[in-house]
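Hi everyone, thanks for coming. Let me put today's model on the screen, and then we'll walk through it together.

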Amino acid sequence: MNTQMLMDTARSMVAADKGLLAMDESNPTCNSRFAKLGIAQTVEARRAYREMIVTTPDLGECISGAILYDETMRQQKKDGTPFVKVLIDAGIIPGIKVDAGATDLAAHPGEKITEGLDGLRERLKAYFAMGARFAKWRAVIGVGAGIPSRGCIDANAHALARYAALCQEAGLVPIVEPEVLMDGEHTLARCREATEEALRTVFEQLCLQRVMLEGIILKPNMVLPALNCPRQETVEEVADATVHCFLRTVPAAVAGIAFLSGGQSPELASARLNAMNIRFKSRLPWALAFSFSRAIQQPALKIWHGEEAKVPAAQQALLHRARCNSAARRGEYGPAMEMTDV
Ligand code: 13P
């Protein structure tokens, strides 16, 4: 295992107030986002959309790495330049989603297990050869009546740890993503309980599978009330609950924490990350960064709408969100940023 290379990659993924751009939606997920906006659901439309993203001028100022999906990893710009080369030339590290998605967990109604371990060693080797330097695996943990169960948390944590060890063997930094979902009506307190239990179990399994923590990035949810919970805590309360939860569960050796956005509005995701950095940054052992998909892409996708002529305006919107989140890493994001075309 090339320990130094893994540590260097992990560090550069969260360096200089930058963060990750998740653009690894599977074809069905990408298609369903296109369908909602009336955009054609074709290989060419997905390619054109991803070309708009990776050619955004100055994106490398705020984005350290981009998570791709298998189809995108193999695609090119219209002029034939591979997307991987476009990213590397922009100073952005290419990464790859390697899980095969979540499926129903047997004997656990309403719960999911993420698949994709079979043949993973060979796939990781191939992705490294194609230029990827990090990977992502997402486990989903729902909260509801009687869930999450121990069985669901254990099975997903075990799979995450097996994946992470294989990544490090292949020279890829694993992004370890145990996502406690914000769907439903549960309270922030229930999200905190589930997140704490999931993170404790994940780190126990990472330790058992001999994963080097200095060479991983944790991609967690924020500790939040569910979308339909009547009580919605303030930005500061969310920041405190999230950081206190991590202080109890995430070892100091971990290279960095890069949040998923999970269905929060782009503005709220930036504001909550900002509050965490204002209140805690100087006292934390790890960087608090971002690895957003929807909270960076959604405004740009709406503007682009499948139309070539809208590419410059969509790229401006994408860069704006990337800059807002980079400012949030410094604790310098605020409503004023949303009123100007930064
Ligand atoms: P969201 O930021 O839209 O939650 O997506 C992050 C991600 O990569 C989910 O796996």
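So, how many residues surround the ligand, and which are the closest? There are 13 of them, and the closest are Lys 136, Lys 219, Ser 261, Gly 262 and Arg 294; a residue counts as near if one of its heavy atoms lies within 4 Å of the molecule.

Some housekeeping: this is a predicted model, where local features need pLDDT of at least 70 and side-chain atom pairs count only at pLDDT 80 or more, while totals for chains, interfaces and linings use all residues. Residues are numbered from 1 along each chain as its sequence is written, and side-chain values use heavy atoms, leaving out hydrogens and water.

Now the ligand's oxygen atoms. One is 2.4 Å from a side-chain N or O atom of Lys 136. For Gly 262, a backbone N or O atom lies 2.6 Å from a ligand oxygen, and a polar backbone atom of Ser 293 is 2.8 Å from an oxygen of the ligand. Taken alone, the ligand exposes 300 Å², and the protein buries 93% of that (Shrake-Rupley areas, 1.4 Å probe).

Leu 206 touches Ala 161, Ala 164, Val 176, Val 211, Leu 213 and Ile 216, not counting residues up to four places away in sequence; touching means heavy atoms within 4.5 Å.

Technical notes
A polar contact is a pair of N or O atoms within 3.5 Å; within protein, one must be able to donate a hydrogen and the other to accept it, and residues adjacent in sequence count only if both atoms are side-chain atoms.
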